Amino acid sequence: MFDIGFSELLVIAVVALVVLGPERLPKAARFAGLWVRRARNQWDSVKQELERELHADEIKRQFREAQDSVRDTEAQLRASGEAVRREAEQMRGQVQRHDDAPNAADEPVMTGPAPGSPASVAQHVVAAEPEPEPAEPRDAMAPPGIDGQAPRDPPPSTPEAPR
């Protein structure tokens, strides 16, 4: 705060010693220290009080922002709820009008895919017949032929020896 160096403090101490004398200097130093301590404590208490008030103001501001946010959200929810309610009423009215129509029971109801659509064509396609299984099981140890199937010529059969 004040730009006072060690040399200035030394000059002040020498002047105080000369002016006050050795008997009254310690008592004056204690008195000056007491007042400096009181001033410092007062300054600290004012500073802490200001910090507390600033913190309280910040908390109040955040609380107001949160309240505003909740109010905005509530308004949006109410508006969307009203829109959904109106749509439900419109749908209910349309269903009632459709149910009250005299030709509603006379008209055939079409189910399934539309005629000529790819899905309709797919319903009428006949699946290919599965390939018949070979009559003779393939030997797993026999090497495959050129086409990857069993060899064309069956291996010669070995006669079984009597037991």
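A: Helices are DSSP runs of H or I with at least four residues, and strands are runs of E with at least two. The model shown here is predicted. By that definition the chain has two helices and zero strands.

Q: Where does Val11 lie, and why is Val11 called exposed?
A: Val11 is in helix 1, which covers residues 6–100. Exposed means a relative accessible area over 50%. Val11 has 53%, so Val11 counts as exposed.

Q: Which residues form the nonpolar patch on the surface with Val11?
A: Phe6, Leu10, Val14, Val15, Val18 and Val19 form the patch together with Val11. Their accessible area together is about 740 Å². Nonpolar side chains are joined into a patch within 5 Å.

Q: What share of the chain counts as buried?
A: Buried means under 20% relative accessible area. Of the 163 residues, 3% count as buried. The accessible surface of the chain comes to about 16,000 Å², and 60% of that surface belongs to carbon and sulfur atoms.

Q: What makes Phe31 and Trp35 an aromatic pair, and why is the pair called edge-to-face?
A: The structure holds one aromatic pair. The ring centres of Phe31 and Trp35 are 6.1 Å apart, and the limit for a pair is 6.5 Å. Their planes stand at 70 degrees, so the pair is edge-to-face, a term used for planes over 60 degrees apart.

Q: How many residues separate Phe31 and Trp35 in helix 1?
A: Phe31 and Trp35 are four residues apart in helix 1, and therefore about one helical turn separates them.

Q: Why are Phe31 and Trp35 put in two classes of accessibility?
A: Phe31 has a relative accessible area of 52% and is therefore exposed, since the cut-off is over 50%. Trp35 has 46%, so Trp35 is partly exposed.

Q: What makes Arg38 a charge over the face of Trp35?
A: Arg38 lies 5.2 Å from the ring centre of Trp35. The distance limit is 6 Å, and the charge must also be within 35 degrees of the ring normal. Arg38 counts as lying over the face of Trp35.

Q: How do you know that Glu49 and Arg52 form a salt bridge?
A: The closest N and O atoms of Glu49 and Arg52 are 3.0 Å apart, and the rule asks for a distance within 4 Å. By this rule the count comes to seven salt bridges. Glu49 and Arg52 both lie in helix 1, three residues apart, about one turn of the helix. Glu49 has 37% relative accessibility, so Glu49 counts as partly exposed.

Q: What makes the contact of Glu58 and Arg61 a salt bridge?
A: The N to O distance between their side chains is 2.3 Å, and the limit is 4 Å. Glu58 and Arg61 are three residues apart in helix 1, so about one helical turn lies between them. With 32% for Glu58 and 33% for Arg61, each is partly exposed.

Q: Why is the pair of Glu82 and Arg85 called a salt bridge?
A: Their closest N and O atoms are 2.4 Å apart, and a salt bridge needs them within 4 Å. Both residues are in helix 1, three residues apart, which is about one turn of the helix. Glu82, at 38%, is partly exposed, and Arg85, at 48%, is partly exposed.

Q: What joins Glu58, Arg61 and Glu65 into one network?
A: Salt bridges that share partners join Glu58, Arg61 and Glu65.

Conventions: Residues numbered from 1 in each chain as written. Predicted model: local features only at pLDDT ≥ 70, side-chain atom pairs only at ≥ 80, totals over all residues. Heavy atoms only, no water. Patch = residues over 30% accessible without salt bridge, like charges linked within 9 Å, V, L, I, M, F, W, Y side chains within 5 Å. Areas by Shrake-Rupley, 256 points an atom, 1.4 Å probe, with all protein chains shown as cover. Buried < 20%, exposed > 50% of the residue type's maximum accessible area, 1.4 Å probe, protein only. Phe/Tyr/Trp six-rings, centres within 6.5 Å; stacked < 30°, edge-to-face > 60°.
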